[in-house]
Amino acid sequence: MDAPHVVGGPAQVPGRAALEVSPLPGRSGIRARGEISVLTRPSWEQALSELARQHASVSYVELSDVVFVDVAGVTALAVTAMNLPDGRVVVENPPPQLPRVLEMFWPGLDRIEVAV
């Protein structure tokens with residue numbers, strides 16, 4: 001994930017949701033911009049698969065530019081973290097519903113750390 005690029009390209013339908021995912025400069029992880037929903041989920045899941053393939057001990061997911069994430073998007077993140085062989089995923093600046101959904105469905109999941 002060294003070269004800045006959009007993983008899977010932007011998932012965009014005119015007048016609808018878009019998601020852009022790119023590598024984080026200087027550390028292991030991804031930055032997402034837009035919305036994580038049924039329309040953008042394939043791009044989100046592809047980005048999470050790539051994140052898992054390149055995972056070291058800590059991977060970062062920066063979400064300050066994500067305006068919405070649905071329950072299935074949070075599920076994809078939780079499943080990715082649970083399937084890592086070791087380490088954790090640090091989610092930075094998520095939309096408010098993400099920590100609530102994590103706490104509701106995966107209380108005590110220690111593979112994800114939420115940093116707001």
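Q: Why is Asn93 called partly exposed?
A: Its relative accessible area is 35%, and the label covers whatever lies between buried (under 20%) and exposed (over 50%), using a 1.4 Å probe and protein chains only. So at 35%, Asn93 counts as partly exposed. This is a predicted model, where local features need pLDDT of at least 70, side-chain atom pairs count only at pLDDT 80 or more, and totals for chains, interfaces and linings use all residues. Residues are numbered from 1 along each chain as its sequence is written, and side-chain values use heavy atoms, with hydrogens and water left out.

Q: What makes Thr80 buried?
A: Thr80 has a relative accessible area of 14%, which is under the 20% limit, so it counts as buried. Thr80 lies in helix 2, where Gly73, Val74, Ala76, Leu77, Ala78 and Ala81 are buried too.

Q: What does Thr80 touch, leaving aside residues up to four places away in sequence?
A: Leu48 and Ala52; contact here means heavy atoms within 4.5 Å.

Q: How do you know how helix 1 and helix 2 are oriented to each other?
A: Start with the numbers: the axes of helix 1 (residues 41–53) and helix 2 (residues 71–82) come within 10 Å and cross at roughly 15°. Those axes are lines fitted to C-alpha atoms over the stretch in contact, with angles from 0 to 180 degrees between N-to-C directions. Under 35 degrees counts as roughly parallel, over 145 as roughly antiparallel, 65 to 115 as roughly perpendicular and the rest as oblique. So helix 1 is roughly parallel to helix 2.

Q: Which residues make that contact?
A: Arg41, Trp44, Glu45, Leu48 and Ala52 come from helix 1, and Ala72, Gly73, Ala76, Leu77 and Thr80 from helix 2.

Q: What covers the buried residues of helix 2?
A: The cover includes strand 3 (29–36), helix 1, strand 4 (58–69), strand 5 (88–92), helix 3 (97–105) and strand 6 (112–115).

Technical notes:
Helices (H or I, at least four residues) and strands (E, at least two) are DSSP runs, numbered from the N terminus.
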